[in-house]
Amino acid sequence: MNLLEVERLNRAFGGQTALHDISFNVGKGQRLGIIGRSGAGKSTLLRCLSGLDRPQSGKILLEGEDMATLPEARLVVLRRRIGLVFQHFNLLTSRTVAANVALPLEIAGMPKALRSKRVAELLELVGLADHASKYPAMLSGGQKQRIGIARALAAHPALLLCDEATSALDPETTESILALLADINQVLGLTIVFITHEMDVVRRLAQQVLVLEKGRIVARGTPADILDANQMAAILPPNLSQTPQDGSHAIVRLTVGTQALCAPLLHTLEQQCQARFALLHTLPSPEGDGQVDVVVQADGLSVSTMNALQAHACAAEVIGYVPAHS
Ligand SMILES: Nc1ncnc2c1ncn2[C@@H]1O[C@H](COP(=O)(O)OP(=O)(O)OP(=O)(O)O)[C@@H](O)[C@H]1O
Ligand SMILES: [Mg+2]
């Protein structure tokens, strides 16, 4: 069962596209990593998933409810199903550790006695039971992030969203925070979606990975699929541009039933449409069911060829263009 289903999400800022037709699912208890260059749209995506920002179009179904269109009053309630962890912890310096963790429970109106019990539980879980009455300034970066995590877990969320949760930490502390997140995922069955620019974090924590580039998903798969240097080079041609030049080749992503269907499909279409396709890459599709995402370079792509691709594949989308000589 999917906890989160994102369908054709679009978000623009003043005519500038930040997210374009983003679709993916996250199963309950899964750990999904999101990577991509600076400005690719990662934080924008996470803000939409957290209900802090609304997309212009598309659906964000959390446990079946669409956050993109939910009335504000209901969204406030649904947001309690989501915990957020930030790079710079965002703790209140004037509150003790315990009071920081208690904050979301206070806002939710939980009675004081229950709150204290829950806070004690959470501090135990993140290994800070002895630090309840300290202030954030007295703690290390790793300890601050543990408080951030405890606070995010306070209201028993179904989904934990982390934006660069370990980026401000040294490698050893990163290691211990990753171990804590993995533990929480295992013990509580919590679904985790995280952004990182550290490939090691992807390798350690992700089961599935999305690669964002200029607001689009350009690759998805397991960490092993994505992090293989050759595959990465194949997925993201370094000279990929968003606009066609004279005689440039289109890079197209197709989703097909199985890998075996892809080669005959391309061969048939080459003959029918006078186009030529070079296979760049295949990845298991996150849609599951044995579907495969195939990245091809198309020479002579016309509207009718694109229509034919869309008719024969489960999905077809131009993700960019490369110069003719490459
Ligand atoms: N509130 C906003 N107003 C205008 N433009 C925005 C806003 N938020 C994001 N953008 C633009 O949307 C694009 C994606 O930004 P985003 O912050 O999501 O990138 P990112 O992948 O998180 O980058 P980084 O790795 O640097 O954090 C950028 O071009 C950015 O300038
Ligand atoms: Mg960001």
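Trainee: To start, how much space lies in the largest cavity?

Mentor: About 60 Å³ of space lies in the largest cavity. Keep in mind that this is a predicted model, where local features need pLDDT of at least 70, side-chain atom pairs count only at pLDDT 80 or more, and totals for chains, interfaces and linings use all residues. Residues are numbered from 1 along each chain as written, chains are lettered from A and ligands numbered from 1 in the order written, and side-chain values use heavy atoms, with hydrogens and water left out.

A cavity here is a set of points, on a 1 Å grid over the protein atoms alone, where a 1.4 Å probe fits but cannot get out; a pocket is an open set with protein on both sides within 12 Å along at least five of seven lines, and lining residues have an atom within 4 Å of a point. Points are joined across faces, edges and corners, and a volume is the space filled by probe spheres set on them. By this rule there are two cavities of 30 Å³ or more.

Residues lining the largest cavity include Cys162, Glu164, Leu178, Leu181, Phe194, Ile195, Val201 and Leu205. Helix H6 (171–188), strand E8 (191–195) and helix H7 (199–205) are the elements that each give two or more residues to that lining; helices (H or I, at least four residues) and strands (E, at least two) are DSSP runs, numbered from the N terminus. By class, the lining splits into eight nonpolar, three polar and one charged, where Ala, Val, Leu, Ile, Met, Phe, Trp, Tyr, Cys and Pro count as nonpolar, Asp, Glu, Lys and Arg as charged, and the others, Gly among them, as polar.

On to the open space: the largest pocket has a volume of about 580 Å³. Of its 19 lining residues, Arg79, Ile82, Leu84, Pro104 and Ile107 are the closest to its centre. Strand E6 gives the most to this lining, with four residues.

Last, ligand 1. Its shell has three nonpolar, five polar and three charged residues, and helix H1 (residues 42–49) gives the most, with four residues. A polar side-chain atom of Lys42 sits 2.7 Å from a ligand 1 oxygen, the Ser43 side chain has one at 2.9 Å from a ligand 1 oxygen, and for Thr44 the distance from a side-chain N or O to a ligand 1 oxygen is 2.6 Å.

Note on methods:
Polar contact = N/O pair within 3.5 Å; in protein donor to acceptor, adjacent residues only side chain to side chain.
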